[in-house]
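Please go through the structure shown here with this report alongside.

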Amino acid sequence: MPLLRFDRVTISFGRHALLEEASFQIDAGERVCLIGRNGAGKSTLLKIVHGEVMTDTGEIWRQPGLSVARLSQDLPGDDGASVYDIVATGLADVGRLLAEFHHVSHAVAEDASQMKRMEFLQHEIDACNGWSLGQRVDDILARLELPADTCIGELSGGWRRRVALAQALISNPDLLLLDEPTNHLDIELIQWLEEQLVELRGGVLFVTHDRALLTRLATRIVELDRGVLTSWACNYPTYLAKKAAALEEEARHAALFDKKLAQEEVWIRQGIKARRTRNEGRVRALIALREERAARREVEGKVRLALDEGRGSGKLVAEAQHVTYAWDGSDTPLVSDFSLRIMRGDRIGLVGPNGVGKTTLLRLLLGDLAPTSGQVRLGTRLEIAYYDQLRAALELEKTVIENLAEGREYIEINGQRRHVIGYLQDFLFSPDRARTPMKALSGGEHNRLLLARLFAQPANLLVLDEPTNDLDIETLELLEELLIDYRGTILLVSHDRAFLDNVVTSTLVFEGDGKIQEYVGGYSDWVRRRNTPMAVTAKSTESTTRVNVAKSKPRKLGFKQARELEQVPSKIESLETEQSRLLERLSEPGFYKRSVAEQARIHERMTALRGELEAAYARWAELENLQDGR
């Protein structure tokens with residue numbers, strides 16, 4: 001049953017329409033992912049659905065009594081409200097009663113005059129059966145580890161994001177709108193969110209750059225491209241193939257149209273001969289062709305990314321030996337007895353909850369922070385580009401050009417002199433946009449400028465602290481391709497699971513109490529090893545150990561099961577070999593020049609391989625438990 005329906009809806013800001021006679025609907029139980037370029041109008045569409053923005057034309061039908069909740073990209077402001085207050089407001093009038101009762105019940109211990117007000121609030125909450133909702137507030141605060149009585153202004157951006165998420169989820173709405181819900185969330189919380197959304201009985205319309213979340217959740221993809229909404233009833237890899245075919249067909253039609261227009265322009269320029277024919281219909285048709293060509297909205301160009309790799313670093317980039325670090329006065333170390341050798345060309349991902357110490361470890365490895373004990377030795381000829389430091393250096397009152405070039409008209413990229421405007425156009429900043437103050441730009445545009453600054457400086461060591469926030473998927477995939485081709489060393493902090501899988505070759509996992517363990521491969525490789533009976537990091541050692549264990553245990557199974565137990569390690573090795581081979585193909589410089597259909601096929605096989613490996617590991621553990629009598 002439809003929850004909401006758009007019928008020929010149009011809305012414009014400036015020269016082009018963000019939505020042009022758009023029609024679509026969302027049904028109960030659907031989880032629809034809205035995708036499109038940064039600036040295409042995705043956030044505006046969510047605001048229209050929520051009722052915050054009025055359209056120019058068209059009709060919007062909502063199911064009578066429809067309840068809608070929205071998580072925006074904007075963080076809750078510093079207005080003196082407590083975390084409990086903000087989360088409870090997601091329950092409307094009942095939430096306001098619960099919030100006031102929460103405060104009064106704390107104040108009554110010191111001010112007995114508050115007792116009468118507390119009794120009144122108890123009565124009001126009883127009358128509307130609000131206590132169960134109060135328990136829901138307590139539960140979600142506990143699950144998200146939110147401090148109920150802390151003022152929102154005292155929290156960091158990541159914690160404010162948690163508060164906004166709790167507020168959106170608390171009412172269990174008929175239709176939930178989520179605008180980049182994974183920004184500032186760690187992987188554990190993202191996975192918890194996935195589970196919550198899978199269990200929702202209502203509809204979900206969400207915008208995300210997190211391809212793992214998109215793949216897990218989306219039952220349908222709706223694309224906003226140049227004002228047009230198109231529904232794709234398929235998964236993301238299939239969408240990529242179908243979209244590429246649609247763009248090819250669009251380009252073919254446009255070429256035929258332009259050819260016909262050129263022929264008619266030649267005819268009209270014949271002058272007297274054309275007028276003699278008195279073919280007024282043909283002239284009117286030419287005028288219509290001109291108008292149609294002028295109204296055509298071309299496909300926007302892609303971001304053109306190129307890294308200045310500078311000179312090569314020494315073979316050893318950095319070495320940590322028994323490093324421990326704790327804040328002054330703290331008995332609990334963020335990093336405990338950590339050792340690691342980073343060699344030229346390594347691509348290392350850092351994974352762990354927010355606040356666990358990932359950025360601290362980066363600063364230790366770069367020599368910006370002295371360890372409490374142990375030592376860090378840096379290699380030679382290092383040229384470091386640090387993404388997070390660039391973010392802190394942006395000045396919101398200055399223009400894009402001023403933030404990039406600091407008064408210079410030209411900058412040098414890879415030994416070539418480039419005009420600042422031309423270089424910024426590689427990152428989709430028009431000349432007018434390049435002269436716009438930063439405070440007027442979107443989050444995605446901020447990130448594109450940060451990438452422009454990052455790539456404008458020579459670097460053989462890239463340190464990327466959450467580079468994917470606010471990037472559209474297309475730019476994210478281009479960044480991925482660039483990093484895969486990069487010959488220097490990469491240290492990457494990210495909560496984007498697909499990005500980690502595609503870029504890094506090893507992963508540092510914060511496992512609690514300051515312990516940090518290195519695993520070969522990306523995020524999915526670590527998850528697989530974490531769920532296996534034996535956690536070892538070297539793939540060759542792992543495979544050999546599995547075979548030896550399988551052969552050395554005494555058989556207590558039936559013949560077929562014992563036979564299967566012997567064969568499982570070989571099956572796993574075969575799947576891992578295929579996975580390694582596909583990873584090598586993904587890492588080839590020319591991979592993304594292949595057809596989109598072939599790219600999609602390989603990505604689909606990679607996804608299937610992960611599932612087959614997980615199933616094989618689970619079966620292996622099951623058979624071993626049976627053999628041991630467990």
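## Salt bridges

Glu 319 and Arg 341 are joined by a salt bridge, with 3.0 Å between the closest N and O atoms. This pair connects distant parts of the chain. Glu 319 belongs to strand S10 (residues 316–325), Arg 341 to strand S11 (residues 335–343), and 22 residues separate them. Glu 319 has a relative accessible area of 9%, so it counts as buried. The model is predicted, and its salt bridges number 22.

Glu 194 and Arg 497 make another of these bridges, with the closest N and O atoms 2.6 Å apart. Here too, distant parts of the chain are linked. Glu 194 sits in helix H7, Arg 497 in helix H19 (residues 497–503), at a separation of 303 residues. Both Glu 194 and Arg 497 are buried.

## A further pair and a network

Asp 426 meets Arg 418 in a salt bridge of 3.1 Å, N to O. Are the two partners buried or exposed? Asp 426 is buried, at 10% relative accessibility. Arg 418 is partly exposed, with a relative accessible area of 25%. Some bridges share partners: Glu 194, Glu 195, Asp 210, Arg 216 and Arg 497 are joined in this way into one network.

## A buried arginine without a bridge

Side chains of opposite charge can pair when their charged atoms come close. Which side chain of opposite charge is nearest to Arg 161? The nearest is Asp 179, 6.4 Å away. A salt bridge needs a nitrogen-to-oxygen distance within 4 Å. Arg 161 has no salt bridge, yet is buried.

Arg 161 is placed in helix H6 (residues 157–169). One set includes Leu 71, Ser 72, Gln 73 and Leu 75. The other set includes Asp 179, Glu 180, Pro 181, Asn 183, His 184 and Leu 185.

Glu 180, one of the contacts of Arg 161, has a positive phi of about 50 degrees although it is not a glycine. Glu 180 lies in the loop between strand S6 (175–179) and helix H7 (187–199). Its relative accessibility is 7%, so Glu 180 counts as buried.

Glu 466 also has a positive phi, near 55 degrees, and is not a glycine. The loop that holds Glu 466 runs between strand S17 (461–465) and helix H18 (473–485). Glu 466 is buried, with a relative accessible area of 13%.

## Aromatic pairs

How many aromatic pairs are there? The count is 7. In one of them, the ring centres of Tyr 325 and Trp 327 are 5.4 Å apart. Their planes stand at 80 degrees, so this pair is edge-to-face. Tyr 325 is buried, at a relative accessible area of 8%. Trp 327 is partly exposed, at 45%.

Tyr 423 and Phe 427 form an edge-to-face pair as well. Their centres are 5.2 Å apart, with 65 degrees between the planes. Tyr 423 and Phe 427 are both buried. Elsewhere, ring pairs tie Trp 232, Tyr 236 and Tyr 239 into a cluster.

## Charges over rings

Two arginines sit over aromatic rings. Arg 5 lies over the face of Trp 61, 5.0 Å from the ring centre. Arg 448 has its charged end over the ring of Phe 429, at 5.2 Å from the centre.

## An enclosed helix

Why can helix H20 (residues 523–530) be called largely enclosed by the rest of the structure? Because 6 of its 8 residues are buried. These buried residues are Tyr 523, Asp 525, Trp 526, Val 527, Arg 528 and Arg 529. The charged residues Asp 525, Arg 528 and Arg 529 are among them.

## Confidence

The protein chain has an average pLDDT of 81. A score of at least 70 is reached by 84% of the residues.

Key
Residues are numbered from 1 along each chain as its sequence is written. Side-chain values use heavy atoms; hydrogens and water are left out. Helices (H or I, at least four residues) and strands (E, at least two) are DSSP runs, numbered from the N terminus. Buried means under 20% relative accessible area, exposed over 50%, partly exposed in between (1.4 Å probe, protein chains only). Contact means heavy atoms within 4.5 Å. Rings of Phe, Tyr and Trp (its six-membered ring) pair if their centres lie within 6.5 Å; planes under 30 degrees apart count as stacked, over 60 as edge-to-face and the rest as tilted. A charge sits over a ring if NZ of Lys or CZ of Arg is within 6 Å of the ring centre and within 35 degrees of the ring normal. pLDDT is the predictor's confidence in each residue, from 0 to 100. Lists of a residue's contacts leave out its neighbours within four places in sequence.
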